[in-house]
Amino acid sequence: MPSFVPAPPSSAPAPSSVPAPSVGSSRVDRARMPLARQVVEAVAVENGVCIRPLAMRRVDTTTGETSVHAVPCGATLASKCPPCAERARKLRMAQCKTGWHLDTEPLPDPDPPTDDMKTLATFRADLEVVREQAEAENDPTGVAEIDELIGQVDAELSALGVRGKAASDERERPRRVRSTKRRQDVPDLPRLPVDRRTVGRTFTAPDGTVWRPSLFLTLTCDSYGRVHSDGTPVDPDAYDYRRAARDALHFPKLVDRFFQNLRRAVGWNVQYFATLEPQRRLAPHLHAAIRGTIPRAVVRQVAAATYQNVWWPNCDHPKYDPDRPPVWDDGQGGYVDPGTGVLLPSWDDAVDAIGEDDKPAHVVRFGPQVRVDGVTADSRTAGRLIGYLTKYLTKILDTCHAADTDARQRHVDRFADALRHEPCSPVCANWLTYGVQPRNARPGLAPGRCNGKAHRRETLGFGGRRVLVSRQWSGKSLADHKADRRAFVAALLEAAGQKIDQTRHAWQLLRPGDPGTPRRDHLILRAVAERNTWRSQLQAAQQAATTGSGAVPGPRPPDPTSQRGHQEFRAA
């Protein structure tokens with residue numbers, strides 16, 4: 001028997017007061033009793049513990065002692081794991097807050113190249129000339145030897161701290177050239193040379209106060225038909241579901257084009273933190289935190305002048321019935337007409353057939369709803385807007401707005417059906433319906449059954465990332481932000497006399513079937529107990545740091561003992 005048994009919580013009822021079901025209780029009464037697994041998961045959620053943990057074996061490299069620990073699954077959706085999804089959302093909130101109102105450039109200028117780097121780059125240039133000579137003399141052996149030597153030089157440059165390669169490995173560059181002439185139905189935009197500055201301007205008030213405001217931007221797509229207040233169409237038969245589906249599929253490209261145009265219009269490197277979500281009518285919706293301030297008239301002008309042409313083969317009129325699609329022919333190595341046996345044109349041939357006078361397959365534009373709000377640092381509005389930005393990150397897109405009526409359910413069904421039959425990419429199987437072979441065609445493709453993420457009902461056409469962050473937003477990746485939180489906890493515990501040696505242990509993932517893998521319910525119970533212990537240690541370390549030196553070492557993230565969750569525990 002163990003020498004120490006933890007006492008039950010003071011709030012727990014006495015054993016005699018716990019109601020027990022009678023032998024003659026009905027099935028309804030028994031169904032109301034919560035399952036033990038549900039109780040354990042509820043406790044885990046309240047304590048911020050992952051409910052789908054992975055078993056990891058920890059090996060002490062000094063003593064050789066091994067132990068098994070629960071590691072969070074890292075899910076970003078609350079439907080899979082609420083604690084991990086909430087942790088990921090809070091991490092995104094920290095990332096957004098860090099870069100929104102910076103007053104210094106987040107990334108330093110590159111260091112000047114050293115003499116060794118220059119010497120190797122000169123040798124790399126000589127190798128390029130020698131390779132061209134060997135290629136002109138039709139000497140494949142010499143070309144292969146020089147390519148191997150070029151790879152060694154690139155590796156040496158990388159070892160010296162050079163990012164990237166001096167030249168790409170791809171020497172052939174086939175490229176389709178499209179006209180860059182702007183459409184006549186959109187306004188022109190001013191174009192200025194883009195400065196490398198990413199920090200916004202400051203403004204001085206009459207009393208001498210200096211302000212550095214930023215922006216909160218909201219953009220959405222155009223209307224596809226009149227809708228009710230709940231987002232359902234007034235006339236479902238006249239609602240343009242096809243255009244709505246295509247706008248959702250290509251909306252991220254339109255966002256990239258908007259910020260590209262915005263930078264050219266204002267003349268500095270605008271940085272943003274944006275999230276995608278659906279409106280009630282299921283149209284794409286963009287919220288973006290922009291560092292620095294821009295005149296609202298300029299933002300609206302850029303939004304009105306931004307568009308994205310989709311240069312794909314025409315896909316307005318299907319050529320084949322879904323019940324009789326093209327079939328695969330092993331002899332010809334592609335899909336053929338089911339009646340004539342003629343090979344369908346490939347994707348590249350179909351794109352090359354688009355003439356200069358032809359119109360794009362689709363044009364994506366923003367709607368007239370453009371909202372621009374000014375925000376200052378360390379204000380209550382800034383915190384509220386950060387929460388609004390990340391409001392739906394833990395939800396599946398089709399559950400952001402509940403389809404609680406028959407009309408809303410039918411609206412979701414129609415939109416999902418339109419997405420199911422629209423081509424999502426050059427490799428989509430739906431191109432067979434329009435008489436075009438998808439890129440990298442293979443046997444087994446069927447129109448309407450593409451495995452692309454954009455066709456899934458829960459994505460509503462958003463097949464890419466739901467969080468769009470510019471490269472110089474905070475100067476850190478999510479891994480860097482996690483490392484900051486881990487370093488904060490380590491410094492806090494070290495100041496309290498509890499030093500953590502992170503290099504002492506080696507970790508190994510336990511695969512299914514490993515005899516040392518414990519059951520998931522045991523992992524969760526153990527993780528809950530560890531979380532309570534960590535909470536006590538962190539609170540004691542915080543109290544010691546406050547009463548002792550009066551300051552907490554290292555960069556301080558949000559309060560780990562707040563009601564929002566114990567971020568430091570989850571990152572440690």
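Me: Why is D484 called partly exposed?
Reply: D484 has a relative accessibility of 26%. Buried means under 20% relative accessible area, exposed over 50%, and partly exposed in between (1.4 Å probe, protein chains only), so D484 at 26% counts as partly exposed. This is a predicted model, in which local features need pLDDT of at least 70 and side-chain atom pairs count only at pLDDT 80 or more, while totals for chains, interfaces and linings use all residues. Residues are numbered from 1 along each chain as its sequence is written, and side-chain values use heavy atoms, leaving out hydrogens and water.

Me: What makes the contact of D484 and K476 a salt bridge?
Reply: The term requires a side-chain nitrogen of Lys or Arg within 4 Å of a carboxyl oxygen of Asp or Glu. For D484 and K476 the N to O distance is 2.6 Å, so the pair qualifies. By this rule the count comes to 20 salt bridges.

Me: Why is R57 called buried?
Reply: Its relative accessible area is 18%, and the limit for buried is under 20%. R57 forms a salt bridge with D514, with the closest N and O atoms 3.7 Å apart. R57 lies in strand β1 (residues 54-60) and D514 in the loop between β13 (505-509) and α12 (520-547), so the pair ties together parts 457 residues apart in sequence. Strands (E, at least two residues) and helices (H or I, at least four) are DSSP runs, numbered from the N terminus.

Me: How do you know that D237 is exposed?
Reply: D237 has 68% relative accessibility, and exposed means over 50%.
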